[in-house]
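Work through the exercises below with the structure open. Each task is followed by a solution in steps.

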Amino acid sequence: MNPESSSTPTQRLISRATLVSQGAEAAIYKGELHPPPIYPVPSGNRDHDSEPVLIKYRFHKQYRHPTLDASLTKSRVAGEARAIGRCLRAGVNVPGIRMVDLQEGVLAIEWINGKSVRFLLGGGAEGEEEVDEVHGDVVESEETDEAEEDPLKGYNITQDDIMQLIGTEIAKMHEADIIHGDLTTSNMMLRPPSAPDKSSELVLIDFGLAYTSTLVEDKAVDLYVLERAFASTHPASEPLFASVLKAYERQAGKDWKAISRRLDDVRLRGRKRSMVG
Amino acid sequence: MESFHYSQFSQEYSNVHIALFTNVTNATELRNRLVQASTMSGPEGDAERQAVDFAFIDATLICSTLHLKSAILNSVLAQAQGALRTKTVHSEILWNLNPTNNISEAIRRYGVSSSTTSLLVVRIGRPGDPATVQMQMSAVVSGDLSPTSRLAGITDWARVKKYYKILQQIDADPQKDIQRVHEIVVSSVSMKSVIV
């Protein structure tokens, strides 16, 4: 089938984008939403609006009944967009939304020019081998030769600074009663400074599992999930995570006491509450 | 005026023309003309509607060209999917710019009014000669055709914030606060199809 002739506009948009990563739930593409002008003839300096976007495509799942599939996809795309919208209004650093197509299961968001915190802490970039397997002709990974240099070069920031940014950003998000649901170092990106006198920004990404809750329990579990992610991907992570919590405490203020106490409970019993009784 | 070709859409509405007019002097006449054109009948009516077949948008409520283009993209997408909520793809742009679902409110706020002096004019249509479109626009609007980059100095941020209900300051740094407001507005327009 020729994707150009017999498909919807959004599918044509995707067919021109580059596959970045492929998962079981969605495929991630890098593409362009707004073309550069055809009139007046472009003068060479890049049009600000034709910045790349990240397209998250929740493709049709063959194993589900079509009606159920459509309604699940719709509510998940909408849920993710809503969570990002709430974060934006709460002043949390998240990528902005650029397009939503509920029918096609597409969410286009701002492309963050930066690397994941996981990569910057030396945990390796996630999922590269998988991409190469699925799509042999996709971009060769650029990271290979950079890996030997200091990954934090150009960010003008220390590891401890990153931890503080993480703590502050999560606290801002929890303050707005948004629970991320999948806090890992892969779901945080560091955006390099836009100008020499500016500083790097930490951006939270992937709100696919996010939901709203006012419960201390949910916030504590969110932090616990991140703690476990640190422990499993980064060696000697205790001082790093301690620094995250310190910054969280500073931002959260009076809410910290209850969350801290609950976090201790969660550490003892794990993420799931006892289902007995 | 700037023209863009959105190649993912079919020919009937693949081309978008955006022009900014400043020092507009005929806003009141233009508004009356639009109202009249919509009720005229016969071939004269068709010709008149053809002549004013643009979206006229109060430029002071638009933060950036990205803001406007996000609304345009939504409108053309709705057209392509047969999901227009207003009568034309041009009025759909106004609807997409307004945070609520009220069509007459959208037109009142974002459309041309007697006090409008800066106007964004948009045409969505088939590929064609941009110069012709520009002439058609200038025939309808009396004002100075300006580059869209001038938009930055025109935006009335206080009103934008009011309509989007951004009540508190988001960032202590005023320059960053504007950036954040811009991001909220662009994102809100882009996620218009999601009921918040």
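**Exercise 1. State how many residues of chain B are in contact with how many residues of chain A, and what area the two chains bury.**

Step 1. In this predicted model, 39 residues of chain B are in contact with 36 residues of chain A.

Step 2. Interface size is often expressed as the accessible area lost when the parts come together. For chain B and chain A the buried area is about 3,200 Å². Carbon and sulfur atoms account for 54% of that area.

**Exercise 2. Count the salt bridges and the residue pairs in polar contact between chain B and chain A.**

Step 1. The number of salt bridges between chain B and chain A is two. One of them joins Glu201(A) to Lys176(B).

Step 2. Check that pair against the cut-off, which is 4 Å between a side-chain nitrogen of Lys or Arg and a carboxyl oxygen of Asp or Glu. The closest N and O atoms of Glu201(A) and Lys176(B) are 3.2 Å apart, so the pair qualifies.

Step 3. Which elements give two or more residues to the side of chain B that touches chain A? They are strand S1 (2-5), helix H3 (65-80), helix H6 (130-140) and helix H8 (174-190) of chain B. H8(B) gives the most, with eight residues.

Step 4. By residue class, this side of chain B has 18 nonpolar, 15 polar and six charged residues.

**Exercise 3. Classify the packing of H3(B) against H8(B) and list the residues that meet.**

Step 1. A pair of packed helices is described by the angle between the axes and the distance between them. For H3(B) and H8(B) the angle is about 5° and the axes are 9 Å apart.

Step 2. Angles under 35 degrees count as roughly parallel, so H3(B) is roughly parallel to H8(B).

Step 3. From H3(B), Leu66(B), His67(B), Ser70(B), Ala71(B) and Asn74(B) meet Val185(B), Val186(B), Val189(B) and Ser190(B) of H8(B). The residues of this contact are five nonpolar, four polar and no charged.

Note on methods. Residues numbered from 1 in each chain as written. Chains lettered and ligands numbered in written order. Predicted model: local features only at pLDDT ≥ 70, side-chain atom pairs only at ≥ 80, totals over all residues. Heavy atoms only, no water. Contact = heavy atoms within 4.5 Å. Buried area = accessible area lost by both parts, 1.4 Å probe. Polar contact = N/O pair within 3.5 Å; in protein donor to acceptor, adjacent residues only side chain to side chain. Helix = DSSP H or I, 4+ residues; strand = E, 2+ residues; numbered from the N terminus. Nonpolar A, V, L, I, M, F, W, Y, C, P; charged D, E, K, R; others polar. Axes fitted to C-alpha atoms, helices over the stretch in contact; angles between N-to-C directions. Parallel < 35°, antiparallel > 145°, perpendicular 65-115°, else oblique.
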